[in-house]
Amino acid sequence: MSTDIWAWVHDAHRQLAEAGHRRLADAIYELPGHANEGRNDQLDAVYPEALAASRALGLPWVEVYLRHWRMQNLLNKRHQGEQALPEAVDLLEFAHREETAGCPQSVCVVQDFAICHARVDGPGYVPERLAVLGETLERIEPARACFDCLSREYSDALEDDGRHAEALSHLDTAAARIQAAGERLSLHFHHARAGTLSRLGRHEEVLTLVDTAEQAERSRGREIDESDRLWGGLLRARALASLGRTEEALALLPAREAAERHADLRDGWTRTVELLVAAGAWENDAELGAVLAGWVGYLDGTGSHRPCVDLLLAAGRLAVARGARTVALTLAETGERKLARLRRTEGVAEEVAALRAAAEALPVPELPVPPGELAAHLAEAGVPYETGADLLSVALDRYQGEQAAATELAVNLAAVLGGLGHARAAADLLWQWLDAAPGDEVLTGMLGSALIDAGDAEGVRRLADRLAGTSPADGHWIRARWAAAEARWAEVLEQCEAILALDRSRINTRRLAAGAATELGDHATAQRLYQELLEHALPAGAAPEEERHRTVQEPDLWHLITAATANRDWAAVRSAGALLGIEFDEPEGPVDEEWQLVTVRATRTNGATADLPAVRTGPATARILPVLGDDLTLNHGDVVVFAPALLEPPPAEDAPEEERRGWRPVFELLTLLDPAGYATYWIDGGWPGDEPWAALREDLQQAGYAVWAYSGEQYRITDPADEDAALPGVYAAVGVPPTASAAEADALLHRLTGDWTHPLAWLDLAKAAGADVARHEETIERYGL
């Protein structure tokens, strides 16, 4: 088995592009980058369409490839475990059918299968992982890239079995075989070896290895991408912290925000921070505890059971060290629950028991006031959350008074636990009290929020079913909020409409429903709901504080303007605008004015975002300025509707004047309102100089065309007179108006640039015009375009 995976990828990409399946061809190139770099939103945008296309075209090899890279993302960047297990098992079966067994990516699916079981319980599945990986390694050549990957995975299985020295030996043997086959070791291979050295306590060697490996990559002209840069920094930071070189470790440790974005960094980040805390170089505070609790909850939800236990043990040790008794006990309870999901518990069960014992040994605080007065005291005194959790736990255990007061204590404790990142524990507590007071609206509302925060789909269903008989509107509301959390907008709208059928006065329900309608592109429904909101809202001055949400808020008016703009209901736009104090140039008709330069953030067909300069033409409209390629569904001159909320805040008042002067509001694209109909063709060639280029721009604009240069000063092309020299070049997009044909555009460009010293090439336009393409092909060849 020796098929080169990347040679196959290049061939598949070329064949698909030539056959007109450009979107699928692009996905084949883009998906691995999205997967490895943790660009989850972009992967999620591209994958479903690509997978459907591969199946519709009957391309099982492409399907294996796409599913494998998605699995790499789910397992490595999102740390899914049991949640991804059905797909991992199904993909392994699919990749070894007769029609897919020859696909070079089929071997890599074995790695997906092994990683997924490691996420569920690495030590518990060591025999199975070693067996399937060993069998696969025996039948593939060391020259293949997957030999590198599977060797690292085999080493990981040995490490999960506590056989660190054997893991290092395996990696060294694999490295020798790869190099003997004439191949280089990947940077990932070096990182894996550095991790093994770290577990063996050989920290100086870790530093040397990472430095040497990265220098080798750069010497080969390869840039270190973000993922590898973060991993390298984390490996160095942990080694330095282990050596007591804390200042250097702090300088290299990736920011917490990076670990928030990349779940695969969290274990190493936490272990490094634990070392820094022990050395007095990092503050062990409640904020750190809340972050770790959130990560524990995430792993709990994805069914990544063993990593969840490992992380909660570290979080528990830190909680004990700072005296956070309730938090430590909560983590111990989570650990005890997770032990039931592991196949192999020796060692880790004792660690969980030790955590509980250490938490229970912490002093129980004395209550500063009687239990019934504690909630008010905590609010008045501004007691820290973890201290408040300990006090509320004691009060709840000791309180013997009225049920209502006890319920208030439980609600407060649940709120504190939720604020500390323990949404699952908060929900469990509220369930206990709701059973004792089934009609309590506060408990019900708090429980619904806690279940959503915990990502507990079954809990949400259970609560909604429970409410269906006694309070159906509340049952629909919890389902609507859960659907919104999962971006299931049609269901949100359905549940909200069911509530409004029961109670037409609901305001927040209309807000949520209108937002869902907007997400679905149903702007007529969104406008109707916002107008109904205005009709049912309470007068601003007459509403008590607890019902302020039932008055019209400024965002309601902006959202109404946006929906009405998308519907071309200019009277409604002007009416809502008047309530906001907006003055229009004309009293009626479409709003098409010139306000300011803004940026419209759109999504490319591959899921990436694009920030497009535009001129704001009204409260919620803008005209796009650049000429754009086919990776966007917009083009020059198109008028779009944007969402009203600023995506980025303006500079602070004390920011440098240049920063404040150059700032432009950034808005999210909502929908296309008026397409201008421009077609894009690319021109490429030698830079003519500032004056000729300015003249070309002006002449094209006077003829109704547009041009947008994408190259900068760094763009260079080959000088035909001296192949060792380079000329400044220009790469630009020309927008051809709908009133002009391709032939007319071709002739116009010939007339305007024909006397330039270095010609431009516009091959695609010449083809569309039916013109002679030989001149353009020659220019491309001579200038190395």
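This is a predicted model: local features need pLDDT of at least 70, side-chain atom pairs count only at pLDDT 80 or more; totals for chains, interfaces and linings use all residues.

**Strand pairing, helix packing and an aromatic pair**

Val 600 has Phe 667 as its bridge partner in β5. Residues are numbered from 1 along each chain as its sequence is written, and side-chain values use heavy atoms, with hydrogens and water left out.

Let me stay with the strands. Strand β1 (residues 597–603) and strand β5 (residues 666–674) run parallel and are joined by three bridges. Helices (H or I, at least four residues) and strands (E, at least two) are DSSP runs, numbered from the N terminus, and two strands pair if DSSP finds at least two bridges between them. Also in β5, Glu 668 stands opposite Arg 601.

On strand β4 (residues 639–642), the direction is antiparallel to β5, with four bridges between the two. Here Val 641 has Thr 671 of β5 as its bridge partner.

What do these strands build? Five strands, in the order β1-β2-β3-β4-β5, close into a barrel with mixed pairing. From one strand to the next, the twist averages 55 degrees; axes are lines fitted to C-alpha atoms, for helices over the stretch in contact, and angles run from 0 to 180 degrees between N-to-C directions.

I turn to strand β6 (residues 679–686), which runs antiparallel to strand β9 (residues 722–736) and is joined to β9 by eight bridges. β6 also pairs in the antiparallel sense with strand β10 (residues 760–761), over two bridges. Asp 684 takes part in both pairings: Tyr 731 is its bridge partner in β9, and Ala 761 stands opposite in β10.

Next, the helices. Helix α8 (residues 145–160) packs against helix α10 (residues 187–199) at an angle of about 15 degrees, the axes being 10 Å apart. α8 is therefore roughly parallel to α10, a label for angles under 35 degrees, with over 145 counting as roughly antiparallel, 65 to 115 as roughly perpendicular and the rest as oblique. The contact (heavy atoms within 4.5 Å) involves Asp 148, Ser 151, Arg 152, Ser 155 and Glu 159 of α8, together with His 188, Phe 189, Ala 192, Thr 196 and Arg 199 of α10. By class, this contact of α8 with α10 has two nonpolar, four polar and four charged residues. In these classes, Ala, Val, Leu, Ile, Met, Phe, Trp, Tyr, Cys and Pro count as nonpolar, Asp, Glu, Lys and Arg as charged, and the others, Gly among them, as polar.

The contact of α4 with α6 has, by class, seven nonpolar, five polar and two charged residues.

Finally, how many aromatic pairs does a search of the whole structure find? The search finds nine, where rings of Phe, Tyr and Trp (its six-membered ring) pair if their centres lie within 6.5 Å, and planes under 30 degrees apart count as stacked, over 60 as edge-to-face and the rest as tilted. One of them, Trp 269 with Trp 282, is edge-to-face, at 5.6 Å centre to centre and 90 degrees between the planes. The pair links distant parts of the chain, 13 residues apart: Trp 269 lies in helix α15 (residues 266–278) and Trp 282 in the loop between α15 and α16 (286–302).
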